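Visitor: Please walk me through this model. I want the criterion behind each label.

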Amino acid sequence: MKTLVIVDVNPVDKAILTEYSQLAAKTLEAYGGQFIAKGPIESLHGDAPYAMKAVIEFPDKQNARDWYSSDAYQAIIPLRNTGMDSQFHLV
């Protein structure tokens, strides 16, 4: 079953966030992952503590988990943490 990684984002440094985003996209390929949506959110109901979202689709949960724990992705986490405040959710 297809699996989604939902990323809640508040940008901290837009230049670093752009660099991180480009690098992160490259790490998805080996795991069949692809961005299916990303950008500012529009809240239809309730508070929105994060300004942006990214939705990444994977073929299954195992590929999503393997991507997140991969050496390639783990190597760019310090850049991610400098560029944005975020939460990652597996659905």
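Guide: An open sheet comes first: four strands in the order β2-β3-β1-β4, with antiparallel pairing. The model is predicted; local features need pLDDT of at least 70, side-chain atom pairs count only at pLDDT 80 or more, and totals for chains, interfaces and linings use all residues. Residues are numbered from 1 along each chain as its sequence is written, and side-chain values use heavy atoms, without hydrogens and water.

Visitor: Why do β2 and β4 stand at the edges?

Guide: β2 (34-40) and β4 (84-90) each have a single partner strand, so one side of each lacks a neighbour in the sheet. The twist averages 15 degrees from one strand to the next. Axes here are lines fitted to C-alpha atoms, for helices over the stretch in contact; angles run from 0 to 180 degrees between N-to-C directions.

Visitor: What makes β1 and β3 a pair?

Guide: Pairing requires at least two bridges found by DSSP. Seven bridges join β1 (residues 3-11) to β3 (residues 52-58), so the two strands pair. Strands are DSSP runs of E, at least two residues; helices are runs of H or I, at least four; both are numbered from the N terminus.

Visitor: Which strands does helix α2 touch?

Guide: Helix α2 (residues 61-69) packs on the sheet, touching β1, β3 and β4. Contact means heavy atoms within 4.5 Å. Trp67 is found in this helix.

Visitor: Why is Trp67 called buried?

Guide: Its relative accessible area is 2%. Buried means under 20%, exposed over 50%, partly exposed in between (1.4 Å probe, protein chains only). Therefore Trp67 counts as buried. Trp67 touches residues including Val5, Ile56 and Phe88.

Notes
Lists of a residue's contacts leave out its neighbours within four places in sequence.
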